[in-house]
Structure formats: C-alpha cells, structure tokens
Amino acid sequence: MFPFFSYFNFFFFFLALFLWRPCFTVTARIIPESVTVITTSQKHNATWHNFSSFLHAERGSHVSGMAELKKYFHRFGYLTQPNTTSNSNFTDKFDSNFESAVLLYQKQLGLPLTGKLDSETISTIESPRCGVSDTATRRIHTSRHFAYFNGKPRWLRGSPMTLSYAFSPYDMIDTLSLSDIRTVFERSFKRWASVIPVSFRETEKYQSADIRIGFYFGDHGDGEPFDGVLGVLAHAFSPQNGRFHLDAAENWAVDFDHDDSRIAVDLESVVTHEIGHVLGLGHSSIKEAVMYPNISPRKKKVDLKIDDVEGVQSLYGSNPNFSLSALLQSENSYNLAVRLETGFSKWIFSLAVTLFILFLST
Ligand SMILES: [Zn+2]
Ligand SMILES: [Zn+2]
C-alpha cells in the first residue's frame, strides 16, 4: 500500500504536467472531423460556397436561392424533383418535405439530427465530396454503417480473382507525373487487396481492362458532369462496369509537404474511396471510414476502417492472410486511449479547479 504522500506526489506530478502542457493533444483527435469551409478561393465551386447564406434556416424559413440547395439535395438522392421534366420548380421555401430531406442527409452523414441547416450541416454540405449519390445504395444491416449499391452487385470472376486496371491513354493530368499517379493507385489497390481474396494488376490494354481510369473536365459523356475545382471530386461505377473517373480540374496532390495550396486534394484518399465503389460498396455514415462521402481539402484518409473492411468482406469474403481481430484491436485500443485520455483530462481539470477554489478560499 502506498503511503499518502506518494499519492500526493503523484497528484502534483500530474498537476504540474497538466499546467505545463500548452494544450491537450488528444483534443484534436476527439473533436469530430472538422470540415474545412473554403471562403476565399475564386476558383472553387461557387454554388456550394453560397450555401453558407442558409445557415440557421429551418422549417418555415424562406431564403432567396434555397432552390439551389434543393438541387444539391436532389443531386445526391435526398429530394425528389417536383417536376420530372425540369428542376426549375424547386422553391426557396423550407417546407416539411425539405425538412425530411435534411434529416435524411444528417442521418446518412452521421450528423446531429436537428432537421435544420445548422453550422455542422452547412459545413458538411459545402465540403468537397464524391459524386456517387448517397441513396443509390442500400443498407443491409441496421447495426452496420456500410452500404451496397442496389442489387448488391459484385465482380464475378473465377478464383483466385484478379481484376485488371488501366489508365486512359488520353485523359490524364500533367500536374502530377504518371509515375506518381501509378504509385498512388498501386498502393490504394493493395490496401483493398489485403483484406479480400482479390488482387489487382495494371495493364496497358485500356479498352479491355476491367477498371478504366481517367481524369475528365466537366461534361464527359456519362451524364455525371464534373463541376470544376472542389465540389464533386470523382465518381466510379458499380460492378462490373469499371469506369473510374476523377475531376481533372482538382488540385490533386500526392504530398502536402510539396503542395501548400489550400484547395489541394489528396489523390490517394479519393482513389482509395473510389475503389470501394468499383468493388460494390456505397457510402458509409461513419466519418472515419474511407467510404464516407466527404473529404476536406488537405485531409488524408487512406486506412481502411473496420466498417470498410466488414462491408467489402461481406461481398468477397476475407483474404486468408488478413486478421480482422488485429484491426479491431488496434481501433479499440486507439478508441480506448482516446477515452482514457479524455476522462483523465477531465478528472485532472476538475481537480485543478477544485484546488484553485480551495486556494482562493484560504
Ligand atoms: Zn463515393
Ligand atoms: Zn464520369
């Protein structure tokens, strides 16, 4: 048993530690993933940026230009068009129909269910994202957050399954070297291949490749035009289509240390996400998951989370060399560490405040 002074020393040691630390590093990790709102760039998607004028709008509000926001909700599958021949019939009124759409959006994106255009919802709407509709997919298990495309399509090949991929001979970008782009894709494919019994190999035969990759500007003939800098970043089609398109207008980056642009988007994060679609996964409502639809500029998110892994393994089974329990353990120990540090920080803080009050009262 420790004598009292040991506890006392222990307490003061941590109190000193608390006072010395300029801030709690853990705080940055436990705050919900912040979404960068770009406010100054002239080049980025102007329409989405204007959504900030709808902040705090709720049922009954009437804000000029809200019809544009309704088009956004329609674009990603949350609102049906009032007139099937034209989308000009959306009004600027925040009606109950729109409230339901906002609630559905908040549920899908893992946001607080307020039914209002609160700041977190507006920030998420304004952040760049994948062009694949959130509701073109369906959830199988209510306890899970991953989703599949309707009909649960998957690649059907003999075992062992190998899918080929090729870069377009014409539609690439010159702001990054082909060698950098190839390395990013190779790493991203390997990440998925490590959890399912599917491997990927690059081929030069673009036309006959299973997965065909290209960078395109604006309307590129598949009915899903890209929209310039930020906004929609990329999209990919469900199995066994194989089309994998990235917006050529983005400031794609492979290394943020060598690209200080505020609108730089991490190519590897987006590529890893789109491969999930190519394999048959829809969007997840878990913010940390690779299959979450939005990603901020200058954010890197390439590690598959348990939600991503469980989703893709339910389509293809597990790679015999992969251990889910190891991943589970690492995610759990991370979450536990965060919880412990958070709890400990709160405990220390309360103690420090109590001591301070005691000190003042003496
Ligand atoms: Zn997506
Ligand atoms: Zn496309």
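Two strands count as paired if DSSP finds at least two bridges between them. I needed that before looking at the hairpin. I am working from a predicted model.

**Entry: the hairpin.** I looked up strand 6 and strand 7. They form a hairpin, with six residues between them. G242 sits in the turn and has a positive phi of about 90°. Three bridges join strand 6 (residues 234-236) to strand 7, and the two run antiparallel. I noted H235 opposite H245 in this pairing.

**Entry: the other neighbour of strand 7.** I then checked strand 5 (residues 211-216). Strand 5 runs parallel to strand 7, with five bridges joining them. Here G214 stands opposite H245. So what about burial? Four of the five residues of strand 7 (residues 243-247) are buried, so strand 7 is largely enclosed by the rest of the structure.

I took H220 next. It is found in the loop between strand 5 and strand 6. Is H220 buried or partly exposed? H220 has 16 C-beta neighbours inside 10 Å, so it counts as partly exposed. A residue needs 20 or more to be buried. Setting aside residues up to four places away in sequence, H220 touches P225, F226 and H245.

Then I took H235, which lies in strand 6. H235 is buried because 20 other C-beta atoms lie within 10 Å. Leaving out neighbours within four places in sequence, I listed its contacts as C130, G131, V132, E224 and H245.

**Entry: the cores.** I looked for nonpolar cores. The largest has 51 residues, and Y165, I211 and V270 have the most contacts inside it. Helix 8 (residues 267-279) gives the most to this core, with six residues. Beyond its neighbours within four places in sequence, Y165 is in contact with F200, E202, A209, D210, I211 and I213. A second, separate core has 19 residues, including W48, A101, V102 and I122.

**Entry: the whole chain.** I finished with totals. The protein has ten helices and nine strands. Of its 362 residues, 33% count as buried. I also checked contacts between residues at least 6 apart in sequence: 69% of them join residues at least 24 apart.

Definitions and conventions: Residues are numbered from 1 along each chain as its sequence is written. Chains are lettered from A and ligands numbered from 1 in the order in which they are written. This is a predicted model: local features need pLDDT of at least 70, side-chain atom pairs count only at pLDDT 80 or more; totals for chains, interfaces and linings use all residues. A residue is buried if 20 or more other C-beta atoms lie within 10 Å of its own, exposed if 12 or fewer, and partly exposed in between; C-beta atoms are placed from the backbone. Two residues are in contact if their C-beta atoms, placed from the backbone, lie within 7 Å. A nonpolar core is a set of buried Ala, Val, Leu, Ile, Met, Phe, Trp, Tyr and Cys residues joined through C-beta atoms within 7 Å.
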